[in-house]
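Dear colleague,

I am handing over the structure that you will be working with, and below it you will find an account of what was found. Please read the two together.

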Amino acid sequence: MAGSALIMIDIQNDFCPGGALAVGGGDEIVPLVNALQADFDVRVLTQDWHPADHSSFADNHAGATPYSLVDMPYGPQVLWPAHCVQGSAGAAFHGGLQTDSADLIIRKGFRAAIDSYSAFFENDHETPTGLHGYLQERGVSDLTMVGLATDFCVRFSAVDAAKLGYNVTVRMDACRAIDLDGSLAAARAEMAEHGVVMADG
Ligand code: VGL
Ligand code: ZN
């Protein structure tokens, strides 16, 4: 029975230097992420995968600027520069990332009306992505998370996983943050509150 999974979050060109929503040093994590893969029973990649008319893009809101907040029916939403558009080069995984050994690639954010930071639930916190069912069927209880960005998709994934009852470790040395208005400090505090272990190697 498989027990442990490495969840590799959104290690895509648009979140790396030169990309549409570049995270500082995003590409630096790739060698470590590749090296970690052999230590796990199950390897999962997530891929941010938005239609061009996605409601999280500032361009799709008249007069809105990137990084401002809007109220959506499911709560406040940060408006981002257009990124990870389905089929684009920016949505592709970083070219150095070892993807051949992944058991599953889970796409998220593909519905125009709702964003999905977490690998488990969309931003309404109730529409499932299917990852929990997959991991349960594979007999996984322990998750290690790596990827981009620490304070958005890694944070939401880690907190949801802890709430679902997994033992969760975030390898902070294999993550990089956007750090918008204190979001990294808030992410650390929320993850700690939910019992997520933040490790540096
Ligand atoms: C992410 C903002 C928008 C992430 C995805 O992967 O952390 N952040 N879409
Ligand atoms: Zn996105």
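**The ligand and its surroundings**

Ligand 1 sits in the largest cavity, where sitting in a cavity or pocket requires that more than half of a molecule's atoms lie within 2 Å of its grid points. Please keep in mind that this is a predicted model, in which local features need pLDDT of at least 70 and side-chain atom pairs count only at pLDDT 80 or more, while totals for chains, interfaces and linings use all residues. Residues are numbered from 1 along each chain as its sequence is written, chains are lettered from A and ligands numbered from 1 in the order in which they are written, and side-chain values use heavy atoms, with hydrogens and water left out.

The residues surrounding ligand 1 (a heavy atom within 4 Å) are Asp-10, Phe-15, Leu-21, Asp-48, Trp-80, His-83, Leu-148, Ala-149, Phe-152 and Cys-153. By class, this shell holds seven nonpolar, one polar and two charged residues, counting Ala, Val, Leu, Ile, Met, Phe, Trp, Tyr, Cys and Pro as nonpolar, Asp, Glu, Lys and Arg as charged, and the others, Gly among them, as polar.

Taken alone, ligand 1 exposes 260 Å² (Shrake-Rupley method, 1.4 Å probe), and the protein buries 100% of that.

**The cavity**

On a 1 Å grid over the protein atoms alone, a cavity is a set of points where a 1.4 Å probe fits but cannot get out, and lining residues have an atom within 4 Å of a point. The largest cavity has a volume of about 100 Å³, taken as the space filled by probe spheres set on the points, which are joined across faces, edges and corners. It is lined by 15 residues, of which Phe-15, Tyr-117, Phe-152, Cys-153 and Ile-178 are the closest to its centre. That lining divides into nine nonpolar, three polar and three charged residues.

**A detail of the backbone**

The peptide bond from Leu-148 to Ala-149 is cis, with omega near -10 degrees. Both of these residues also belong to the surroundings of ligand 1.

With best regards

Methods: On a 1 Å grid over the protein atoms alone, a cavity is a set of points where a 1.4 Å probe fits but cannot get out, and a pocket is an open set with protein on both sides within 12 Å along at least five of seven lines; lining residues have an atom within 4 Å of a point.
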